[in-house]
Amino acid sequence: MIHSKGPLLTVDLGERETRTEDIDDVLESFIGGRGVGTKLGHDRIPFDADPLGPDNRLVFTTGPMQMSTMSFTGRMNATAVSPLTDGLLSSNAGGFMSRNFADTGYSAVEIVGESDETLAIHVTDEGVEFEPVADLAGATVPETCEYIEETHGLSSEHVACIGPAGENEVRFASIMTTEERAFGRGGLGAVLGAKGVKAITFEGDAAPEIEIPATQMEIHREAATEDHIMKRQGTVSVMDLANEIDGLPSYYFSEQSFEGAEGINGDAVEQKKYKKGTCSACAFACKLPTRDEAAGVETEGPEFETAMAFGSNAGIDDIVDVMKSNELCDRYGLDTISTGNTVSAYLASEDEFGDEELILDLVEKIANREGVGDTLAEGIDRIHDDLGVGNWTVKGMDFAAHEGRVLHGQGLSYAVANRGGDHMYATFYSVEYPLVPKEEGMAPRGLEGKPERLVKRENLMALNDAGVVCKFSRDFMSPERYESLFGADFEDLLAVGDRIVELERHFNNKRGIDREADRLPYDLPGFEDALDEYYAVRGWNDDGTVPDGHVSPGAASADD
């Protein structure tokens, strides 16, 4: 089985020292990316670690496909205990950093402990530098990247950093790379902030040699030549369809369609797009560099989830207003989905939907934990009672745009996902929208036959995240291509995904997360039976816990 190569680098912030160790056994069993990050996190983070305490560990990983020149491979992974969900969580970011990370020669870089002063960490193939950067306290993401370029000659493509939101431990703060790409969901930016790390850079010339089969070029060629609407409109291209089937969350989830969708849909975004945007080595180029000269705003996006959270869910029908919110989140280092949904919850409590000036003010207040922003920075699950609004979250994570009240398999996916209300954990929506070919898709309503399909989808997405391969490669991948790329039987590869999901669940079980957390704020017909079936397919207990003996101790235990 093709997998990542290279040692684990541990960066101890408290001791200002580093060490390396061989983790070949982990790499061989978990491939790379989320797989390796999950295994290391499971075995090395104490089950009772405070997400914002020194015992939490943040692990950066990439995969073997970053040694290819194939489209859909400009991504990498970060794993830690989430301040938002309180469970073990991996977040995935695109952009251009993954190959710079690989050039250091490490398969994984683990950040442990905490610093008593603000630091920038510089990781190279020759060693690690701990740089005090007190002057960067409170700096925005662009300001931080500008400092790194001026003082170290490294572009933003080498940088993972946080903005004020991460420093202020906002529970949905992002780690930003390439300035506008985010390790977004779950608040891993707050983990770096709590550790006193403002930025980490990666550079070197020691990338491992991993021979990737010629299948990579077939996929790359097809990605370059395929006429796909996402190349023009990104993920927001699905908005009109979602709205037509009453599947577009609006007005803080109180409605399922939005009369102003035309103002924030794919056509609206495409009108503001001024050039192509992509990730490293990718010819699919589905990103959305947009600008509006009259408003003086330039950003990347918004994608569908952001257009929902800051658009329909907030009662906003102007794409330029959504672009402003998107740009502000990137500048301060905030997850656009959770920020938009949390702002929308406040708008619902004050009956102020559609007030763009208030929205922008709230984003700034959240990032700086000022006034009501200090409350909102805790996330919907912790503050909904104070606001007097419904708790539209699962396991503390608020919902993405794909509507589980219409796409019932996606609803089940939200409920059982170890990450909570996140659409990318299984991307089950992709088989339920009406445009999906009948031989591949499933009827959106009803749960019959979906638990088993959901398990396979979760395992496949975990495999992608171990690879690391972008989820939007789905139209170009097949079991045969997975087998060729990774040099293993497809079922064996899915088994890797199964182990990843189970390790996440086991860690979270140890933190008290079980069936009681696999809940939705709305009813789905047959939900409890489907939940039972899902557990049975996974081989788990009826209470949503992993049976004793399923997870054996690994060789990756921490040595300190």
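A residue counts as buried when its relative accessible area is under 20%. That cut-off is applied here to a predicted model.

The model holds 35 salt bridges. One of them pairs D465 with R34, at 2.9 Å from N to O. D465 belongs to helix α18 and R34 to helix α2 (residues 33–44), and 431 residues separate the two. Both partners are buried.

A salt bridge also forms between E110 and R57, whose closest N and O atoms are 3.0 Å apart. E110 sits in strand β6 (residues 108–112), while R57 sits in the loop between α2 and β3 (58–61), so the pair ties together parts 53 residues apart in sequence. E110 has a relative accessibility of 1% and therefore counts as buried. R57 is buried as well, at 6%.

D518 and K395 form a further salt bridge, with 2.7 Å between the closest N and O atoms. The two residues lie 123 residues apart: D518 in the loop between α20 (490–510) and α21 (527–538), K395 in the loop between β15 (393–394) and β16 (397–398). D518 is buried at 0% relative accessible area. K395 is buried at 12%. Elsewhere, shared partners join E21, R44, R57 and E110 into one network of salt bridges.

T427 lies in the loop between α17 (408–416) and α18 (450–467). Its relative accessible area is 1%, so T427 is buried. The side chain of T427 makes a polar contact of 2.5 Å with that of R457.

On the surface, D22, D24, D25 and E28 gather in a patch of negative charge. D24 is partly exposed, with a relative accessible area of 36%.

Conventions
Residues numbered from 1 in each chain as written. Predicted model: local features only at pLDDT ≥ 70, side-chain atom pairs only at ≥ 80, totals over all residues. Heavy atoms only, no water. Patch = residues over 30% accessible without salt bridge, like charges linked within 9 Å, V, L, I, M, F, W, Y side chains within 5 Å. Areas by Shrake-Rupley, 256 points an atom, 1.4 Å probe, with all protein chains shown as cover. Salt bridge = Lys/Arg side-chain N within 4 Å of Asp/Glu carboxyl O. Lys, Arg positive; Asp, Glu negative; His and termini not counted. Charge placed at Lys NZ, Arg CZ, Asp CG, Glu CD. Buried < 20%, exposed > 50% of the residue type's maximum accessible area, 1.4 Å probe, protein only. Helix = DSSP H or I, 4+ residues; strand = E, 2+ residues; numbered from the N terminus. Polar contact = N/O pair within 3.5 Å; in protein donor to acceptor, adjacent residues only side chain to side chain.
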